[in-house]
Amino acid sequence: MYSVIIPCYNSSRSIREVVESTAKELERLKRKPFEFVLVDDHSPDDGATFRELMSLADDYPYVTAVELAQNSGQHNAIMAALNHAQGDFIISMDDDLQTHPSQLHILLEEIDKGYDVVYGYYPDKKHSPFRNFGSWVNHESVRILIGKPKDMKTSSFWVIRKFVRDYVIQYTSPYSYMQGLFLRTTQNISCISVQHHERAYGTSNYTFKKLLHLWSNVVGFSVVPLRIARHIGFVLSACGLIGALWVIIEKIIHPNMQLGYASTMVAIFFFSGVILLFLGLIGEYVGRMFLCIGNAPQYVVKSVYSGQDREKENTK
């Protein structure tokens, strides 16, 4: 079975076209049976998105609609979908037709070669310059922080095998990051070029704040920032020690030398800022540990609706 999982956010106008065109493509490719798990990430549209998901579930028995009680973010919504997916292969797509069904055959042919994870990447992205810059920053930082191979290109368009899904859903922290989870599971990963299509409706729901929050989830998969903090602290301490020795020597050579108030204040502000910065970094790690120990949920499912459940109720 093939499971198509789609996190949905303000997608009442586009999701039906996504599901129907994807189903037609899977039928054309003879990739059956299949199912769709659609997760409404608490869209702020007065329930329009989830109503459309329920309508799809009414029309197609292979559709399951999951409603989250609060906005949990794209990756946590994907985790919710993974927990409901039953397929031997799980395909992740977006709700805006930018991950286009016409490109599915490329990913599926690639995973048939024996890979555990296959990413589709876009040589020509249809994003804004700001979003492309954010993607580049994310790619480089993830490569440094969690050891992602330099030639590994990723996106939200991927297919994985069931055993990868089975391992990934064991992760229960509220700070999900799919690249980190996949790299923890397997190194048998491929990436292949696909076309990136224009968004069918509206604009991207990712703001700078959301992109920054998503990027910060990398921290949960790496201790590199703490090691960087340690090295910087060592360098600054060494510089401070050298500077102190230099002041002492200058004072001995020139007893009448006046020590500058301005330079003293600059040094205090600089080193105080560095200390507070890294205390904040350490606090971020401690805070996330606290939330994990307290079992803060990745997501909260408000309701699950599927056409199959409705049919069972009607036959009772």
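**Reading the sheet, the salt bridges and a loop**

Q: How many strands form the open sheet, and in what order?

A: Eight strands form this open sheet, and from one side to the other they run β7-β5-β6-β4-β1-β2-β3-β8, with mixed pairing. Please keep in mind that we are looking at a predicted model.

Q: Which strands stand at the edges?

A: Those are β7 (189-193) and β8 (301-306). Each has a single partner strand, so one side of each is left without a neighbour in the sheet. Ignoring direction, neighbouring strands of this sheet are turned by 20 degrees against each other on average.

Q: How should I read the pairing of β3 and β8?

A: Here is the general idea first. Strands of a sheet pair through backbone hydrogen bonds, and the pairing is either parallel or antiparallel. In this case, β3 (residues 63-68) pairs with β8 in the antiparallel sense, over five bridges. To find the place in the model, look for Thr64, which stands opposite Ser306 in β8.

Q: Which strands does helix α4 lie across?

A: Helix α4 (residues 104-111) lies across β1 (2-8), β4 (89-92), β5 (117-121), β6 (158-161) and β7. Relative to β6, helix α4 runs at about 30 degrees.

Q: Now for charged side chains: how many salt bridges does the structure hold?

A: Again, the general idea comes first. Side chains of opposite charge can pair when their charged atoms come close. This structure holds eight salt bridges. One of them joins Glu52 and Arg16, whose closest N and O atoms are 2.9 Å apart. This pair links distant parts of the chain, as Glu52 is in helix α2 (residues 48-59) and Arg16 is in helix α1 (residues 15-28), 36 residues apart.

Q: Are Glu52 and Arg16 buried or partly exposed?

A: Glu52 has 18% relative accessibility, so Glu52 counts as buried. Arg16, at 21%, counts as partly exposed. The cut-off that separates the two classes is 20% relative accessible area.

Q: What does Asp59 form with Arg16?

A: Asp59 forms a salt bridge with Arg16, and the closest N and O atoms are 3.0 Å apart. Asp59 lies in helix α2 and Arg16 in helix α1, so the pair ties together parts that are 43 residues apart in sequence. With a relative accessible area of 43%, Asp59 is partly exposed. Taking a step back, a network of salt bridges links Arg16, Glu20, Glu52 and Asp59.

Q: How many residues apart are Lys162 and Asp166 in helix α6?

A: Lys162 and Asp166 are four residues apart in helix α6 (residues 162-168), so about one helical turn separates them. Their side chains meet in a salt bridge, at 3.3 Å from N to O. Lys162 is partly exposed, with a relative accessible area of 29%, and Asp166 counts as partly exposed at 29% relative accessibility.

Q: Let us end in a loop: where is Thr186 found?

A: Thr186 is found in the loop between α7 (178-185) and β7.

Q: Is Thr186 buried or exposed?

A: Thr186 is buried, with a relative accessible area of 9%.

Q: And which residues is Thr186 in contact with?

A: Leaving aside its neighbours within four places in sequence, Thr186 is in contact with Asp116, Val117 and Val164. The side chains of Thr186 and Asp116 are also joined by a polar contact of 2.8 Å.

Technical notes. Residues numbered from 1 in each chain as written. Predicted model: local features only at pLDDT ≥ 70, side-chain atom pairs only at ≥ 80, totals over all residues. Heavy atoms only, no water. Pairing = 2+ DSSP bridges. Helix = DSSP H or I, 4+ residues; strand = E, 2+ residues; numbered from the N terminus. Axes fitted to C-alpha atoms, helices over the stretch in contact; angles between N-to-C directions. Contact = heavy atoms within 4.5 Å. Salt bridge = Lys/Arg side-chain N within 4 Å of Asp/Glu carboxyl O. Buried < 20%, exposed > 50% of the residue type's maximum accessible area, 1.4 Å probe, protein only. Polar contact = N/O pair within 3.5 Å; in protein donor to acceptor, adjacent residues only side chain to side chain.
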